[in-house]
Amino acid sequence: MDWTPTISELSGPRYQRIVEAMEADIAAGRLVRGQQLPTQRALAKALGIDLTTVTRAYTEARRRGIMEARVGQGSFVSETSARRAVDLPHPVAIDLSMNVPPQPLEAQLDERIIAGMEAIRAQSGLTAHLNYQPPGGSAHEREVAARWMRTRVPHAHADRLVIFPGAQTILFNLLAHLARPGDIVLTEALTFPGIRAAAARLGVKLVGVAMDDGGILPDALAKACRTHKPKAVYLIPTLHNPTTATLLPDRRSAIAKIISDSDTVLIEDDAYGLLDRSASPIANLIPERTYLATTLSKCIAPALRVAHLVTPDGGSQREMRSYLQATVQMPAPLMVALVTHWIETGIADRIITAIRSEAIGRQQLAQRALKGFEFEAEPAAHHLWLRLPEGRPDVAAHLLRNGLAVVAGEAFTVDGTPPHAARVSLGAARNRAELTEALRILVNALHRPADIRQIV
């Protein structure tokens, strides 16, 4: 609690100078997440100013999300820039159902958005990005994105890349392009609910392929390809949603060969690939047969609505730009400009590094809290896949009655009997304190005797 800001060199009202000094010291590492700050009275005395000025400064710091007050404990540097949700449905108090990245203070998202927009304004003006732009991004924006992706995907080039407003739009447009109503697309037996929603809307039939703890089974995929002659195979090979499985290299090679031998194409959902860069996309083995979809939704923030699609060739790139134009015209130009600036300046990688580090810390917290229970997890994943106790079909409902939302296994099941499991999204908690409370509720529910039921 020995922090005393230097405000004499700053301009503006004193309360603003205190807040700006706090932001600067956080950015420089002189203040760290969770560090306790002086009491308002102590800081007023140290600076020789009146108490109301410090009170106003602390109020503004809380409004900006850089400081939080804990009842009976004092004021602390925030762990996160996320604010408490105001529109959670009753009775949800803590929502671990959305698989989103955490917003650690080290990512400096608020500050970097403001600085990025200022850089764009200085370079070209903001209004230059308020008109129609080329569908799929300008040549410069696509080249910047392709150059960034080439560290993981060597065949990524601007003439094979399309910038979309989010991965869900990619999936919908790819299904519309590759399949017709009644056609079959293969997926893992458990898969992303977004592909299920898109397929249902388009009348495309999904068929699930058996998995084990390592992901989709190559022999089962080969058999399904022979049986169903699918128009495409949709896979999440890295940090699979919901099971967190990451395919090993030999299984990736086997799957690539099966897709080639079956004369079909792969839709590779690489939503989590930037969190585990050691996993080489299957697209690198069969680039001529793969549509590789990446997104910033899971490694920076969902509402940026910026995703990249690498297509098999120039012709399919032009086709996908045409589909994009016909459905939503273009991604939001200001968001694409911001992301392009972040990529060019290295800021995107720094944000991802901070978010990956926070994801690792949250997984470690969950490992300790859930010791003794059966679950699947990976160090950098935003979620874990929790096996629920047998004979306890009401665990998810019981959690909801206690204010905690998770997603039960049926949301991910393509066909067959849903697993008695739930996806727990660790990144959705605002901070580690909230996550700790959520895990406490979860553990209590798992320990709850099977014969206790709610009286209605």
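This is a predicted model: local features need pLDDT of at least 70, side-chain atom pairs count only at pLDDT 80 or more; totals for chains, interfaces and linings use all residues.

Residues are numbered from 1 along each chain as its sequence is written, and side-chain values use heavy atoms, leaving out hydrogens and water.

**Whole protein.** Select everything: the protein has 14 helices and 17 strands (DSSP runs numbered from the N terminus, H or I of at least four residues for helices and E of at least two for strands). Its C-alpha atoms fill a box of roughly 80 × 65 × 40 Å along the principal axes. Of the 456 residues, 54% count as buried (under 20% relative accessible area, with a 1.4 Å probe and protein chains only).

**Helices α6 and α7.** Select residues 167-178 for α6 and 193-202 for α7; their axes are 9 Å apart at an angle of about 40 degrees (axes are lines fitted to C-alpha atoms over the stretch in contact, and angles run from 0 to 180 degrees between N-to-C directions). Show side chains: L171 and F172 are among the α6 residues that meet α7, where the partners include I195 and A198 (contact means heavy atoms within 4.5 Å).

**Helices α8 and α9.** Next select residues 218-228, α8, and 249-261, α9; their axes come within 10 Å and cross at roughly 10 degrees. Which residues meet here? P218, L221, A222 and C225 in α8 meet R251, A254, I255 and I258 in α9.

Key:
Buried means under 20% relative accessible area, exposed over 50%, partly exposed in between (1.4 Å probe, protein chains only).
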